[in-house]
Amino acid sequence: MTLTELLAQMHNYTKIEKYLMTHRDIRNNQQLINNFNQHLNPDETDKMLVPIINESDTSEPSTFPADFFFSEDDPLKVKMTQHTRYSTPILHKHDFYEMFYVYEGEFIQHINHETMTMRTGEICLIQPGVYHSLDVDNYSIVLNILIERHTFESIFFNDLVGDSTFSTFFRNDFFSEELNTYIIFKTLGEHETQDLILKMYLEILNKPQYYTQVIHSYLLLLFSHLLRHFMQTAIIPKPNKKQDLIDFKIITAIQKNYQQITLSKLAHQFHYSTQYISQRVKHATGLSFSQFLLQRRMQIATELLKSTDKKIKIISAEVGYNNDENFIRTFKRENGMPPAKFRANHQSLN
């Protein structure tokens, strides 16, 4: 597919969009929605997400599983589609990253308890675990990019560095729906941003040689470009309560100092008891301090195994283990295989 053909495809209405545009009563009638879904072919059914939404009541939040979008044998782990215009908004969450780019027009977006209008050139990146929906009830062209969680972390691992709020967003795992849940970049239709996104879309559609590496590179280049040129005007929600901000600082301290951090060190840093720090970690993450620290160390270890040729002993020390045999046992328990086999499997897949 050429760029000219892609642009024509984006502007043309699909069969489903033409039908929804002329049958506006479907959007607010659950019975009509169910009847409409029953007449879709398998490809259309998947596009409308029928298998993973609650057809009995679309007002109830749905959870979209990652394995519906990303297969184990697909090294790309990035999906890109055009949002179906005039379709019924679905309130949902998922455990992967989702990004929307308004190529043309405007639409209404709901994130948690916020409602906002997204306009031409704006990009919204939503973290895992956040309830949201899109209402594209007009001609607008909205491109939807899904990025599997570990792939996102791998692409940006040790690349987007710094102490800015934006870098913190990219480097930190999702841990609380009350904290940084999204970023909106206002590019105002800037050509370079648009060009990068369209090139990435063509790579995904055409799948030329090395397209996986090229798409991952485009993603890193895109976010580097956004941070460089649109950081000052970007929109990030602020923690609503003082306690949310404290939780955020505690979790960030664990994530940044995972090699040597302890409850005692956190208590000393934030002037609280170890028991209170432990309670705050549990409240923010759903995990105990030791569980959350282990999760962080294993995340870093898996990325080092996939993206470097460092020896296991070196990686063990870098993620906070003084004894590499202890690291190997822990890694095997958490990942189902020793680190050497994990690395070999990943290299074989690539």
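Me: What should I know about the model before we start?
Reply: This is a predicted model, in which local features need pLDDT of at least 70 and side-chain atom pairs count only at pLDDT 80 or more, while totals for chains, interfaces and linings use all residues. Residues are numbered from 1 along each chain as its sequence is written, and side-chain values use heavy atoms, with hydrogens and water left out.

Me: OK, at what angle do H1 and H7 pack?
Reply: Helix H1 (residues 3–11) and helix H7 (residues 191–206) pack at about 95°, with their axes 11 Å apart, which makes H1 roughly perpendicular to H7 (65 to 115 degrees counts as such).

Me: And which residues make that contact?
Reply: With contact meaning heavy atoms within 4.5 Å, H1 contributes Leu 3, Leu 6, Leu 7, Gln 9 and Met 10, and H7 contributes Leu 198, Tyr 201, Leu 202 and Leu 205.

Me: What about H12 and H14, how far apart are their axes?
Reply: The axes of helix H12 (residues 289–307) and helix H14 (residues 324–335) are 11 Å apart, at an angle of about 95°, and the two helices are therefore roughly perpendicular to each other. Among the residues in the contact are Leu 294 and Met 298 of H12 and Phe 327 and Arg 333 of H14.

Me: Switching topic, is Phe 248 buried or exposed?
Reply: Phe 248, which lies in helix H9 (residues 242–256), is buried because its relative accessible area is 18%, where buried means under 20% and exposed over 50%, with partly exposed in between, using a 1.4 Å probe and protein chains only.

Me: How far is its C-alpha atom from that of Ala 284?
Reply: The C-alpha atoms of Phe 248 and Ala 284 are separated by 8.0 Å, although the two residues are 36 residues apart along the chain.

Methods
Axes fitted to C-alpha atoms, helices over the stretch in contact; angles between N-to-C directions. Helix = DSSP H or I, 4+ residues; strand = E, 2+ residues; numbered from the N terminus. Parallel < 35°, antiparallel > 145°, perpendicular 65-115°, else oblique.
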